[in-house]
Amino acid sequence: MPNDTLAKHLFHWENQTIEWAMRLRVALLIAEALDFCSTESRSLYHDLNAYRVLFDEDGDPRLSCFGLMKNSRDGKSYSTNLAYTPPEYLRNGRVTPESVIYSFGTVLLDLLSGKHIPPSHALDLIRDKNIILLMDSHLEGNFSTEEATTVVGLASQCLQYEPRERPNTKDLVATLAPLKTKPDVPSYVMLGIPKHEDAPPTPQHPLSPMGEACSRLDLTAIHQILVMTHYRDDEGTNELSFQEWTQQMRDMLEARKRGDFAFRDKDFKTAIDCYSQFVDVGTMVSPTVYARRSLCYLLCDQPDAALRDAMQAQCVYPDWPTAFYMQSVALAKLDMHKDAADMLNEAAGLEEKRQKGGRGS
């Protein structure tokens, strides 16, 4: 995402602030992204804020996938400043779909005010009908009061103390969709950034056996390489104390061991089940397990799940070539061939760099 975050354009801009029509576009597209996530049973989004919204090469806003990747299955994951945390999280330590709506309300406040202000302060202004004081002065009055009032009202609903009183994602889209203005003006124009031009092809790096196998989509060869590599690349990703060697830990490692046997014996459905038991405990993270389960998903014709696991491996180990290689294969299986080629070249570059003096891959 070459054009920075929403936070950069709202809070740290150098040339121009975001115009009102673009702020409405951002709000609508993020609401649509959250609604899409909810329909895909991914309704928990971790710590939604202006730093999670990225602008692509055309200046269009995109919701970062990293909020999804860090979810825990029981909703016990949150890391934002307490002043912006959903009140129910402070009460019971759990994030729910309604908590995501609360966080979306804080993003609406960012778009309205041009600064990150605590929801309690904003609600005081809203209650006192001081909407003009809430609005970003850098807009210099260049906004529709009627539209601003609608967005302020929606933000107020999202920030209700009781989760059941907040709107759902479909309500967000239904409220914001009629406010769409300047539909024919490209986002990069409204952001004041140059139009993206296709860069010349990046010189290809020489491919290792893993790279060759991935370029051919040779899943059998990839399997052989992952079996031979074993867990060499997991060194340093976990440091377990003696106190953590509980029965649960032993059971988790036993599940991984059973997964390894199934993976070696090409019983890929069993391997997925065993590796999932290991992952779901969450006490220990293993990029190799994610890479192996990613391949299992590919061999079971589930490229979406394979891509998610490959991305999770990258989250655990950001510079690991194997994580990028597995993403390239999954993208190719999803018919995203240009992205797959870019990811393959990225992986080869990382691998070449490590072979010249970095940590082995």
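Pro321, Thr322, Ala323, Phe324, Tyr325, Met326, Gln327, Ser328, Val329, Ala330, Leu331 and Ala332 are the buried residues of helix 17. Buried here means under 20% relative accessible area, exposed means over 50%, and partly exposed is in between, using a 1.4 Å probe and protein chains only. Keep in mind that this is a predicted model, where local features need pLDDT of at least 70, side-chain atom pairs count only at pLDDT 80 or more, and totals for chains, interfaces and linings use all residues. Residues are numbered from 1 along each chain as its sequence is written, and side-chain values use heavy atoms, with hydrogens and water left out.

Let's stay with helix 17 for a moment. Helices are DSSP runs of H or I with at least four residues, and strands are E runs of at least two, numbered from the N terminus. Twelve of the 13 residues in helix 17 are buried, so the helix is mostly covered. What does the covering? Helix 11 (209-215), helix 12 (219-229), helix 15 (287-299), helix 16 (303-316) and helix 18 (337-355) are included in it, with contact meaning heavy atoms within 4.5 Å. As for length, helix 17 (residues 321-333) should span 18 Å, and its end C-alpha atoms sit 19 Å apart, which agrees; the expected span is 1.5 Å times one less than the number of residues. After helix 17 comes Asp335, with a positive phi near 65 degrees.

Now for the rings. The whole structure has four aromatic pairs. Rings of Phe, Tyr and Trp (its six-membered ring) pair if their centres lie within 6.5 Å; planes under 30 degrees apart are stacked, over 60 edge-to-face, and the rest tilted. Phe263 and Tyr275 are a tilted pair because their planes meet at 55 degrees, with the centres 6.5 Å apart. This pair links distant parts of the chain, with Phe263 in helix 13 (residues 247-264) and Tyr275 in helix 14 (residues 268-281), twelve residues apart. Phe263 is buried at 0% relative accessibility, and Tyr275 is buried at 0% too. Tyr317 and Trp320, on the other hand, are stacked, 5.8 Å centre to centre with 0 degrees between the planes. Both Tyr317 and Trp320 are buried. Phe263 and Tyr275 also belong to one aromatic cluster with Phe268.

Finally, the cysteines. There are zero disulfides in the structure, a disulfide being a pair of cysteine sulfur atoms within 2.5 Å. Cys274 counts as buried because its relative accessibility is 6%.
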